[in-house]
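Work through the exercises below. Try each task before reading its solution.

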Amino acid sequence: MDMSPLTALCPLDGRYAARLNPLRHALSEYGLMHRRVQVEITWFIALSDAGFTEFPSLSEKARSHLNALVKNFSPANAQEIKDIEKTTNHDVKAVEYWIKNQFKAWPDVAQELNAVGEFVHFACTSEDINNTSHALMLKTARDDVLLPALDGIIATLQRLSSEHAQTSMLSRTHGQTASPTTVGKEIANVTIRLQQARQRIARVELLAKMNGAVGNYNAHMVAYPDYDWEAFSRHVVQDELGLTFNSYTIQIEPHDYMAELFDAITRLNTIGIDFARDVWGYISFHYFKQRPKAGEIGSSTMPHKVNPIDFENAEGNYGLANALLAHLSQKLPISRFQRDLTDSTVLRNMGVAFGYTLLAWDSLAKGLGKLEVNEAALAADLDAAWEVLAEPIQTVMRRYGLPNPYEQLKEMTRGKQVTAETLHAFIDTLDLPQAEKTRLKALTPANYIGKAVELAKRLHP
């Protein structure tokens, strides 16, 4: 059966394929090959500048051809490497051979490059190429795809929290009526959490190593005993590739930074789950309405339905993403002795974990784009919850030393229907200054919101 979106095993490459195109160049098999070529070329050119008699500095024409391989790398090039791999049965060696094969196509520099061709992949183990490639892939996926998508969500939430900073809403602690807040303040709570989660993700340093088969520069030191290979490797990793150099490794970079990154993304997604569930609940309370889209159907039998499917899809995909991210985080830092291969197949699923993450945030963004605040429903809910004013009344009673304030309000309100008249009559019986009575009787569920407006607006100086 031919591969297509309809026959794909994974929905990321099937049903949701179009929504995940931004990740494909970074975290696909093609993306891995592209970065391997980049690392091999970067190492090769850097070696030519190291001052070795056997490898004179490359000409500008040769550098131009080599850099063009990276800049113009295409899916067709990736397929050429795959074809070589059918013979080598080794994916990194196939990249090395492919690069050397390219020299033949450049008559103006072929002699120059063929003479030094054995410096391609010089003193490298496959993991020197792979670990740097994975770090570059994650850098692109994080910086160019995930963080911009998150920034879009944060910007939407900032706008909504500002627009609805003064829109009063009944709180629901334990699912029961509680001290009122505002729509804007509740959205601001989520916005702050996402901003902090973003900072945690962005500040994870992406590490890489290029130090040979077991991390000691063994082959390097035999070939050129007096050369500072650690300084050279640090230069390539940090100055040429823009990553952070890890000095102490086994054959593989230990992947601790990956665990840190994946854990940070997991925490981000957990915030997304929390928010998606709350919005789903608020929709069921009619606090939010959803703008219907022409042609869409909410139920095959109930024509009236506009289901909160975007928030449900978001929640489901967050869960899938977190399951994968947790496994990546817990498995990757573990390797038997100096190297085992259990990380290799797992690392190939980074794109799946990022894919479900991006899909979840995309679904959340779609859902937010359909939301409208239902101020009439909010107002009606508040007006039916005068019992929430028991809190401020008993608190003022405490201030003035009145007896058993909590107990009195508990007896009057708990499990009972409370109205404005009930509360006002009770306030009139209290031994309080008249100004305090007047102030308490001016309270309503809609205006008993504390600093909610100020806190919501603080996000928008």
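**Ring pairs in a predicted model**

The unreviewed UniProt entry annotates residues 335–449 as "domain: Adenylosuccinate lyase PurB C-terminal"; such annotations may be inferred rather than shown by experiment. This is a predicted model, where local features need pLDDT of at least 70 and side-chain atom pairs count only at pLDDT 80 or more, while totals for chains, interfaces and linings use all residues. Residues are numbered from 1 along each chain as its sequence is written, and side-chain values use heavy atoms, without hydrogens and water.

**Exercise 1.** Classify the aromatic pair of Phe52 and Trp229.

*Solution.* Start with the rule: rings of Phe, Tyr and Trp (its six-membered ring) pair if their centres lie within 6.5 Å; planes under 30 degrees apart are stacked, over 60 edge-to-face, the rest tilted. The structure holds 23 such pairs. For Phe52 and Trp229, the centres are 5.6 Å apart and the planes 35 degrees, so the pair is tilted. Next, locate the partners. Phe52 lies in the loop between helix H2 (29–48) and helix H3 (60–71), and Trp229 in helix H10 (residues 229–240), so the pair ties together parts 177 residues apart in sequence. Helices here are DSSP runs (H or I, at least four residues), numbered from the N terminus. Both Phe52 and Trp229 are buried (under 20% relative accessible area, 1.4 Å probe, protein chains only).

**Exercise 2.** Classify the aromatic pair of Tyr282 and Tyr287.

*Solution.* Take the distance: 5.7 Å centre to centre. Take the angle: 20 degrees between the planes. The pair is stacked. Tyr282 and Tyr287 are both buried.

Technical notes. Helix = DSSP H or I, 4+ residues; strand = E, 2+ residues; numbered from the N terminus. Buried < 20%, exposed > 50% of the residue type's maximum accessible area, 1.4 Å probe, protein only.
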